[in-house]
Amino acid sequence: MSVDIDKLYEEVLFSQVRVKTEKVGGSGTIIYSAPSENTKIYSTYVITCHHIISSALSVRKDWDSKLGREKKREFRQLVTTEFFDWSNVPHGSRPVNYSTDAEILAYDKDHDMALLKLRTVKTASYVAEILHPDYVEGLRVGHPVWAVGAALLHDPILTDGIITHMGDDIDFKYYWMSNAPIIFGNSGGAVFAETSNGYKFIGIPSRVAIVGWSSVVTHIGYFSPVTRVYEFFREQLFDFLIPGSKETEASCEIKRKDRAEREEKKALVEEE
């Protein structure tokens, strides 16, 4: 399959952002940017790894004046997402980068995934297209792939390879493997499959193999497959992000609010 460089840039490289907290950094992928219902304000979402943003999460006890007692509360700091613009520099130069704040909307430590919503109102110029669930079974060992991310917190780097293994069970979660070289910093980025209809997002780099004296084997890169990304979205009630879903951003928000209210009532009963 020949490489269409322009398409590779637009569908893979340009969808990447660098994600930073006060303590660590990694990668992220823009997976959605569309106007909210009945408004001209765009909602833009980025998927990344939980271990990239975990230091921005904390739980502590605060006094609740309405309940008249202390109550555990979760606090989520804003994280920074950095964009890259290759169109505004001379050929062969590093891209211009700029940043914006993002809110942590959902996360799961076991899946090692987190979903961010940018504090922006305009559309993102480039958005990765997630593989439709109907086409997952077409992916097999040997399928051409591209890995992309802010390796060692560098500007996004592209590497290519193939799917080398599927179905490794690590910490009770399934992972796939590719030999597209990755290293620390790629976490939260993306693996894209080459298809006849362009490049499709099929997973999130999150682990690299270590041997000997903590030597990294860069060509043995584990990634969370797109099937687990679907699972994460469903569990967190962000189903509208799954291609082909009939849910909307608004309908999912209503479901999340309803669930939060039920959990709040349940917690109050248990405390009493």
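Predicted model: local features only at pLDDT ≥ 70, side-chain atom pairs only at ≥ 80, totals over all residues.

Modeller: Let's start with one residue.

Colleague: Where is the place of Phe184?

Modeller: Phe184 lies in the loop between β11 and β12 (190–195).

Colleague: And what does Phe184 touch, leaving out residues up to four places away in sequence?

Modeller: Phe184 touches Ala150, Ala151, Leu152, Val208, Ile210 and Val216.

Colleague: How far apart in space are Phe184 and Leu8?

Modeller: They are 23 Å apart, C-alpha to C-alpha. In sequence, 176 residues separate Phe184 and Leu8.

Colleague: Back to β11. How many residues of strand β11 are buried?

Modeller: In β11 (residues 173–178), 5 of the 6 residues are buried, so the strand is largely enclosed by the rest of the structure.

Colleague: Which strands pair with β11?

Modeller: One is β10 (residues 157–170), antiparallel over 6 bridges. Within that pairing, His165 has Met177 of β11 as its bridge partner. Another is β14 (residues 215–225), also antiparallel, over 3 bridges. There, Ser178 stands opposite Gly221 in β14.

Colleague: How many residues are between β10 and β11 in the hairpin?

Modeller: The hairpin has 2 residues between the strands. Asp171 in the turn has a positive phi of about 55°.

Colleague: Switching to helices. Which residues of helix α3 are buried?

Modeller: Helix α3 covers residues 226–235, and its buried residues are Val226, Arg228, Val229, Tyr230, Phe232 and Phe233. As background, residues three or four places apart point the same way, because an α-helix has 3.6 residues a turn.

Colleague: What comes just after α3?

Modeller: Leu237, which takes a positive phi of about 60°.

Colleague: Now zoom out. How many helices and strands are in the protein?

Modeller: The count is 4 helices and 14 strands. The radius of gyration is 19 Å, close to the 19 Å from the globule rule for 272 residues, so the protein is as compact as a globular protein of that length. Its C-alpha atoms fill a box of roughly 65 × 50 × 35 Å along the principal axes.

Colleague: What share of the residues is buried?

Modeller: Of the 272 residues, 44% count as buried. The protein exposes about 14,800 Å², with carbon and sulfur atoms supplying 50% of that.

Colleague: Last one, on charges. How many are positive and how many negative?

Modeller: There are 32 positive and 39 negative charges, and their mean positions are 5 Å apart.

Note on methods. Residues numbered from 1 in each chain as written. Heavy atoms only, no water. Rg over C-alpha atoms; globule rule 2.2 N^0.38 Å. Buried < 20%, exposed > 50% of the residue type's maximum accessible area, 1.4 Å probe, protein only. Areas by Shrake-Rupley, 256 points an atom, 1.4 Å probe, with all protein chains shown as cover. Lys, Arg positive; Asp, Glu negative; His and termini not counted. Charge placed at Lys NZ, Arg CZ, Asp CG, Glu CD. Pairing = 2+ DSSP bridges. Contact = heavy atoms within 4.5 Å.
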